[in-house]
Amino acid sequence: MDNSGTKKTCMESTRDFFTSAKFLIYMGHALSTWGDRMWNFAVAVFLVELYGNSLLLTAVYGLVVAGSVLLLGAIIGDWVDKNPRLKVAQTSLLVQNSCVIACGVLLMLVFQFKDQLTELYNGWILTTCYILVITIANIANLASTAMSITIQRDWVVVVAGQDSSKLADMNATVRIIDQLTNILAPMLVGQIMAFGSHFVGCGFISGWNLCSMCVEYALLWKVYQKTPALAVKAGQKEQQQELKQLSPTKDLENGQSPEESSQPLMNETSIVAKSDSPKQRSCCYQMAEPVRTFKAGWVAYYNQNIFFAGMSLAFLYMTVLGFDCITTGYAYTQGLNGSVLSLLMGASAISGICGTVAFTWVRKKCGLIRTGFISGMAQLSCLILCVISVFAPGSPFDLSVSPFQDLYTHLIGEKTLPEAVHSLTGGNITMPTTAAPTQELPPMQSYMSVSLLFAGVIAARVGLWSFDLTVTQLIQENVIESERGVINGVQNSMNYLLDLLHFIMVILAPNPEAFGLLVIISVSFVAMGHMMYFRFAFRSLGNRLFLCCSPEQKVEAVDNPSLPTTV
């Protein structure tokens, strides 16, 4: 082939990639995640600013969000399963962005007229605005959860087809986008609020979501057009085949519709509803439908062969060893400034990206199940540094100080509970009078404990993100299509439950002297999570778990038969 032909082929290949469904999903996910990260960062800052530098509204918002996903995760997943893919994606996109825009406009009004609103009806108008902001923001988060389930857990699987390697690459790319936006998006909106104002920040986020919504809507439609498999779900295909095979007269004689003969667990409730007479479908029966869906979702999750793998991932959320407000607040009490923390967060993002790249390489060499086992061992090995930091020089860990003393003092003393939380998440720490005097240490020794802590946290991100991708792909490949939404919805609920428990743990023991105890508890939960995964892996592979096979074909031949795709 001549040079002109070669050049044309390269151009066509490049054009095909940038117009492929895979690339369009990446673009839509990048826009969606960028808006989510900006909003999640900004809404916490806005709520703190509105309530006089108190964390009360932020804490309430966090509890409402966690509780809502915990209770409604299965119901949201069931809604994703029972509706057409395009309808679910478009509805979730419109609801999420519309709620963020409405919240931004409402916050702009509150920032602009806060003094006037405070005087109206003894401040009840302002309180109503706070309630509206938290409620609308919670609806936006629920819509974001539905969007995440349908795109990352369903559309990605369909676009990848039956190619496990392509699915792994797509999952890794999506996670890299998450890592980059998690760092860059808050930096952008933070600079806008720093050089402008909170009013300008609200306006920018609202405008971004308005523009992003239009572009994402068009990208979803393009992906849907380029992937015909998205138009029909597995349950619909089965129903169509049964309707062709079974004659109408036989169905009438049996007194049931053809699609009732074989349905997955989550469709049992709909079958019961079809067989019920109109008299039985009372108002109370219809009101209890969400409860039955919630119960059926958790039962379906428990009956999955990847149940222990999903539980192992959820247990990793019960930890203070991450770059959230808890760990950064503790770092401030140990003398680290914002500049150092920003560098550490950047290093953490790079470590996470390395984990996603390592996942694709290890999976090709060792198989998917073994990748999770190797990743878990790598994470636990790195977290040993965090345990060592608890007893290293410079650590404030002191068992003679009651972990609940700070909470008790704030409850009955001069301060309130929100201030107790604030004391750990960035405020000034008042040392208890009963604590032993702090011994002066040389500069290198005074930072030894916190250095070991963050070294372990950053290094563990490689194993953490590789393990997360492993469990994600196990759920994608081994949950039947008709239950994919509800199982991932319950998985999100489990994640939020353990995340909520870790915040409660911090509220009960907020003083820095008890942070070492929280570290030990966190590492224990991570170890329990990986023990659950080891049980899943050993039941799936047996002694073959410890065999090292380099050719990918041999590994897949060993792994896949032990993991049936049905419950």
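Q: Before we start, what counts as a helix here?
A: A DSSP run of H or I with at least four residues, numbered from the N terminus. Keep in mind that this is a predicted model.

Q: OK, so where does Val60 sit?
A: Val60 belongs to helix α3, which covers residues 56-82.

Q: Is Val60 buried or exposed, or something in between?
A: Partly exposed, with a relative accessible area of 34%.

Q: Switching to the inside: how many residues are in the largest nonpolar core?
A: It has 65 residues, and Val320, Leu321, Leu453, Phe454, Val519 and Tyr533 have the most contacts inside it. Helix α21 (residues 448-478) gives the largest share of this core, 12 residues. Another core lies apart from it, with 31 residues, including Trp34 and Cys99.

Q: What does Tyr533 touch?
A: Leaving out residues up to four places away in sequence, Tyr533's partners include Phe308, Leu368, Phe373, Phe467 and Leu474.

Q: And His530, which helix is that in?
A: His530 is in α23, residues 515-541. His530 has a relative accessible area of 6%, so it counts as buried, the cut-off being under 20%. Beyond four places in sequence, Leu316, Gly376, Gln379, Leu380 and Phe467 are in contact with His530.

Q: Last one, what covers the buried residues of α8?
A: The cover includes α2, α4, α6 and α7. Among the buried residues of α8 are Cys202, Asn209, Glu216 and Tyr224. Helix α8 has 29 residues and reaches 41 Å, close to the 42 Å expected.

Conventions
Residues are numbered from 1 along each chain as its sequence is written. This is a predicted model: local features need pLDDT of at least 70, side-chain atom pairs count only at pLDDT 80 or more; totals for chains, interfaces and linings use all residues. Side-chain values use heavy atoms; hydrogens and water are left out. Helices (H or I, at least four residues) and strands (E, at least two) are DSSP runs, numbered from the N terminus. Buried means under 20% relative accessible area, exposed over 50%, partly exposed in between (1.4 Å probe, protein chains only). Contact means heavy atoms within 4.5 Å. The expected span of a helix is 1.5 Å times one less than its number of residues. A nonpolar core is a set of buried Ala, Val, Leu, Ile, Met, Phe, Trp, Tyr and Cys residues joined through side-chain atoms within 4.5 Å.
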